[in-house]
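Here are my notes on this one, jotted down as numbered points. Have the structure open while you read.

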Amino acid sequence: MANLIKFKIDGRECMAEAGTYIVEAARQNGIFIPTLCNMKGLHPKGACRICTVRINGRLMTSCTTPVTDGIEIESESADITELRKSIIELLFVSGNHFCPSCEKSGNCELQALGYLYQMMVPRYPYDFPLKDVDASSPKIIKDQNRCILCKRCIKSIKDENGRSFFAFHSRGNHLEVVLDEELAANMTDELAELAMNNCPVGSILVKEKGFATPIGKRKFDNQPIGSEIEG
Amino acid sequence: MSKPVIATTSLAGCFGCHMSILDIDERILQLIELVEFNKSPVDDIKTFTKPVDIGIIEGGCCNSENVEVLRSFRKNCKILISLGECAIMGGLPALRNGIPVEECLHEAYIGGPTVQLNKEHILPNDDELPMLLDRVYPCHEVVKIDYFLPGCPPRADLIWDALVALITGDPMKLPYEVVKFD
């Protein structure tokens, strides 16, 4: 490996190739930093801020910040954990996240982060926005109630010509991720499955696939999110 | 010292949380050694007969009666616990939030595909019936709630641990498996 550098996360000595984004460098060193908009293999954009860390007294998103030689990163201090928890709570109140009736429950990253930070109740009032469910395409359901606008689907689900199946539509409070009708008509099963799995919440669902895994055997039923990294 | 007194109620809920209270299985024998039940569907006492230490609320507020019962719980209980998703965030009844009440009633009693017998298109209007609220409210948006136990239903172990912690004053353990939102 070329150009290995040393740095510290919460006082722990770590090593990674220079220029690696902090989230990935942490992962390589067995340290979990939560992400929602970021995903391995996608270009980071630092939108959800859940991966916020403190470097030299400044709060930065660790998915967009590369490691440099000798930096000291603060990730799990009490105030950063509290900040991350408040982001999760804001996401819960700004959409309609009815976990008991959600097909993604147990496999949902937003919910798993709620568990990780022991969110018993959000500190903010629920918004209950009126949102649509688009079930018009043959393979998938796009439920706007649960969408957190992370853009993972837009960036990762593309056809052979590089065209995205999903796109942002409208702006501000009305911003939503919509599915391209024409492209969706010819979506393969594999791509539909990938879209559902890449979605950190239950906003993209493959039709007739809900509740396939029984309670107790789902991804985050017994193991907290990040435990596969921290071991 | 007299035993701590517990009261429970189900507002806009399905009684699943109460089922989960019963799901503590044989520990219910220990529980009646530890506490005394007052107003609750468990013993069918309808009104408060003494000051209560711990009030357990299942379900959110969807009508005027729910608000009245919740306020009487706040008045009569030292500690109030929101038990389950409906009490905490409205739960499934809150799926109607954002849809005007008139539209909901129309769907349920007049225009719904399974409505056939209501030929005179009557909406329930008896004075005895509680009024529907404009939306379903989480309990803590109506009165002060002291503790929250999530789950649909909350796991029996979570309810048991919380009650034991409150009664003994010991800190709660909260293992990963018991705090769930579904």
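**Notes on the rings and the fold**

1. Let's start with A:Y126, which counts as buried at 10% relative accessibility. A:F128 is buried too, with a relative accessible area of 6%. The two rings have centres 5.6 Å apart and planes at 25°, so A:Y126 and A:F128 make a stacked pair. Keep in mind that this is a predicted model.

2. Over all chains, the structure holds 5 aromatic pairs. One of them is A:Y115 with B:Y176, an edge-to-face pair at 6.1 Å centre to centre, with 85° between the planes. This pair crosses between chains: A:Y115 sits in helix α3 (residues 109-116) of chain A, while B:Y176 lies in the segment after α6 (156-168) of chain B.

3. Are those two tyrosines, A:Y115 and B:Y176, buried or exposed? A:Y115 has a relative accessible area of 4% and is buried. B:Y176 comes out at 17%, and since buried means under 20%, B:Y176 is buried as well.

4. On the overall fold, chain A has 7 helices and 10 strands. Its radius of gyration is 18 Å, close to the 17 Å that the globule rule gives for 231 residues, so chain A is as compact as a globular protein of that length. Buried residues account for 50% of the 231 in chain A.

5. As for chain A's surface, the accessible area is about 11,500 Å², and carbon and sulfur atoms hold 49% of that. The mean positions of its 28 positive and 30 negative charges lie 2 Å apart.

Technical notes:
Residues are numbered from 1 along each chain as its sequence is written. Chains are lettered from A and ligands numbered from 1 in the order in which they are written. This is a predicted model: local features need pLDDT of at least 70, side-chain atom pairs count only at pLDDT 80 or more; totals for chains, interfaces and linings use all residues. Side-chain values use heavy atoms; hydrogens and water are left out. Helices (H or I, at least four residues) and strands (E, at least two) are DSSP runs, numbered from the N terminus. The radius of gyration is taken over C-alpha atoms; the globule rule is 2.2 Å times the number of residues to the power 0.38. Buried means under 20% relative accessible area, exposed over 50%, partly exposed in between (1.4 Å probe, protein chains only). Accessible areas come from the Shrake-Rupley method with a 1.4 Å probe; for residues, only the protein chains shown count as cover. Lys and Arg count as positive and Asp and Glu as negative; His and the chain ends are not counted. The place of a charge is taken as NZ of Lys, CZ of Arg, CG of Asp or CD of Glu. Rings of Phe, Tyr and Trp (its six-membered ring) pair if their centres lie within 6.5 Å; planes under 30 degrees apart count as stacked, over 60 as edge-to-face and the rest as tilted.
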